[in-house]
Amino acid sequence: MIDYLCIIKKYYTEGSDAYNLLVKHSIQVADLCMTLAEHTSVEIDRNFTYEAAMLHDIGMFLTDAPSIFCFGDKPYICHGVLGRELMDSLGYPRHALVCERHTGTGLACDEIIAQNLPLPHRDMLPVSNEEKLVCYADNFFSKSKIADAKSPDEVRNQLRKYGEGTMSRFEALYKMFPFK
Ligand SMILES: [Fe+2]
C-alpha cells in the first residue's frame, strides 16, 4: 500500500482549497470504483484501484484552472500527463498510467492530433481494467462543483461534444461496469 495522502500533501497544502477539493473529488471517484468493482465480472485489483483513484488528478496544481484553485501555467487538459510524470518521478509507474489515461474516456493519438491538443502524440487510452475503472468512474463527478454522482445519461450528454470515439468508449465501459 502507498500513502496517497502523504503524496498529495507533498504538492498541496493540507486544508487549502485545492487540497480539500482534490481530496473530496478523489474520494468520490475511489468510492464509486469500489462499488462498481463489486458488481463487475472483470478482475479488479481493489487496493491498487483505490490508491490510483486517490491520485489520478494529482497533476492538476500545475495547470491554469483558477476555478478549481490551480494556478500553474499548463493547459488543464495536461493534468493527466503531468500527473503521470510526477508519479513516474516518485517511482510509481503503474499509478502514473492511470493518471495519463483517465481524461474523458481516454484520448487516442489520432484524436489528440485532430483536435490539436497540447499533448504528446501517443495513445492515452485506458488499457488495464483498473485504468478503465478509474477513467469511467471519474466521469460521474465534476471537480468544479462537488455534488452527488451524475446519472449515466447526464454523463452521455456531457461527453457528446467530444465525438464518436469518446461516446463508443463510454458505452463499452458502461457495459463493463454495470450499476446494480
Ligand atoms: Fe478526476
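I read the order of elements along the protein chain as α-α-α-β-β-α-α-α-α-α-α. I count 9 helices and 2 strands in the protein chain; helices (H or I, at least four residues) and strands (E, at least two) are DSSP runs, numbered from the N terminus.

I note that this is a predicted model, where local features need pLDDT of at least 70, side-chain atom pairs count only at pLDDT 80 or more, and totals for chains, interfaces and linings use all residues. Residues are numbered from 1 along each chain as its sequence is written.

I checked the overall dimensions next. The C-alpha trace of the protein chain spans about 40 × 35 × 30 Å along its principal axes.

I looked up contacts (C-beta atoms, placed from the backbone, within 7 Å). Of those in the protein chain with a separation of 6 or more, 61% join residues 24 or more positions apart.

I then looked at burial. A residue is buried if 20 or more other C-beta atoms, placed from the backbone, lie within 10 Å of its own, exposed if 12 or fewer, and partly exposed in between. Buried residues make up 39% of the 180 in the protein chain.

Helix α3 (residues 46-55) has 7 of its 10 residues buried, so it is largely enclosed by the rest of the structure. I list Thr49, Tyr50, Glu51, Ala52, Ala53, Met54 and Leu55 as buried there. Their cover includes α1 (4-11), α2 (17-39), α4 (79-89), α5 (93-100) and α7 (129-138).

I find α5 mostly covered as well, with 6 of its 8 residues buried: His95, Ala96, Leu97, Val98, Cys99 and Glu100. These pack against α3, α4 and α7.

Conventions. Contact = placed C-beta atoms within 7 Å.
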